[in-house]
Amino acid sequence: MTFHDSETIELLGLKANAIVGEAYEGASRFSKELASYSPMIRSADADLLPAKSMADARTRDTVRNDAYVQGGATLRKDNIVGSYYMLNAKPASTVLFGKEDDKWESDWQEETEEKFGLWAESLDNWPDAARQNTLTGLVRMAVDTHTVYGEALASVEWLRDQPRMFSTAIQMIDTDRLSTPPEYSGDSTVRGGIRRNQYGAPQTYYIRMAHPSDWMTPDSYKWKAVDIRKPWNRLQMIHIFEQLRPDQSRGISLMVAALSEMKMTKNFRQMVLQQAVMYASYAATIESELPTEAIFSQLGGESMTPETIQAALSGYMSGHYATLDDFMAGAKNLHVNGLKIPHLPPGTKFKMQSPVASGGPLGSDFEQSLLRHIAAALGVSYEQLSRDYSKTNYSSARAAMTETYKAMLSIKRMVADRFASSIYSLWLEEAINKGEITSVRRNMPSFYEKQFKDAYTACDWVGASRGQVDELKETQAAILRINNGLSDLETENARLGADWRKRMRQMKREVEWKDFYKILQNPTDSTNQEKKAA
């Protein structure tokens, strides 16, 4: 018997599973625990795009108003980029010349790194079309945007304003402005503001001329179409996100998975603090089994308005203490360290409030568990997020730093390095065309030919220092790695956020100055006279 109806086949399969049971308990449709758990089966964009605007708004608000989350986002920037994002050029001479040329590679590295560094970190902020940020500032912004929205977006501009030496500039774009124009709402090739080809490769980006919330300007209802590349393959749009599923057009923040915990953690802290403030506002309370009206009536109150109650209470207590003053003045057993013990009506208790004892469970295991959810979503350790190292020893601190380092390294490669390398490639293309790179030889292949562009622009980036918990132990470990061929000066200096060539030059200068100082101290020494002559 042959069935051509897929729904009929699926129905028969379900009936068969009901009889024999599911092979995977997690996929069971009949278990008590999972019977009502039936997530929708949709494509990546069908899941993501309708929820993205609200998810972005919530993560943005959380980062803006939650000190812990904001601190975690700053930690990512500080651990990945640091204060100076430094180029480490790695041209592939084997691809360019057919053989390895160490001398040319060294000359190319020093020249391109020096000239690119001067442009990238200039106080005139040449890399930024808005003239607000250096390259390091742009990379930090890209990492921060990726943390909040799960993606970073920028356009490549060509500015001719003077006194620019290079026209390449980067314009950062709010991801809210990337959206589908109304006329393409029914076009299946345009999703999330991006037109893609049949293989899913981005072709054109549709950018609003203003933010959607800027209702005061008509530009928010206008779109600009920007092709991802020029006809000669020069990049025009930089869009970086980590694709979690095939056919996914846009990125989304990993913080979305922990938004409920973040919101509850903030509410928990606020309620505990409010409770502590409330307890601190009352020095004492009166506890009695009598009704409120009766106790205030006994205290001298007639009407029950708050003002009269307060006045009656003050009058009653003053009169009561005045009446008992003679009796208590001579009774030493009614004093504690010189302080009098008051006498209250029968059945009434006078309780002193302790704001310290009633401060709530801040810092408890419960709050720590909530903070660990936030730390996991941000990819940092609990100790770094909470700044709580009270229960941390050297081994646990190193383990936490190692896990954080691996997470930050992956984000560095996926976001910061890709963003910075795109800018370096654009700058280098212009610098070579303008003849600013003197290391270029006549017989070198074209920048645009085959894959030679990748050989020219190959590089690493030196970001934030990894940090050291015990400098002596970790320095000794670095020396052992170098001496046993497991590492080198470049790698170890990069761990500290430094350039090994500049450091070696500085060490050479210091040695020369030390020798010169020795000559000045002992001018008659024969050895020093020989050094002076040399």
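Student: How many aromatic pairs does a search of the whole structure find?

Tutor: The search finds 15 aromatic pairs, a pair being rings of Phe, Tyr or Trp (its six-membered ring) with centres within 6.5 Å; planes under 30 degrees apart count as stacked, over 60 as edge-to-face and the rest as tilted. This is a predicted model, in which local features need pLDDT of at least 70, side-chain atom pairs count only at pLDDT 80 or more, and totals for chains, interfaces and linings use all residues. Residues are numbered from 1 along each chain as its sequence is written, and side-chain values use heavy atoms, with hydrogens and water left out.

Student: How far apart are the ring centres of tryptophan 108 and tyrosine 456?

Tutor: Their centres are 5.8 Å apart and their planes lie at 45°, so the pair is tilted. Tryptophan 108 is in helix α5 and tyrosine 456 in helix α13 (residues 452-457), so the pair ties together parts 348 residues apart in sequence. Helices here are DSSP runs (H or I, at least four residues), as are strands (E, at least two), numbered from the N terminus.

Student: Are tryptophan 108 and tyrosine 456 buried or exposed?

Tutor: Both are buried, that is, under 20% relative accessible area; exposed is over 50% and partly exposed in between (1.4 Å probe, protein chains only).

Student: Changing topic, which asparagine in the loop between α5 and α6 concerns us?

Tutor: That is asparagine 125, which has a positive phi of about 55° although it is not a glycine. Asparagine 125 is buried, at 13% relative accessible area.

Student: And where is asparagine 233?

Tutor: Asparagine 233 is in the loop between β7 (223-227) and β8 (237-241). Its phi is also positive, about 85°, and asparagine 233 is partly exposed at 41% relative accessibility.
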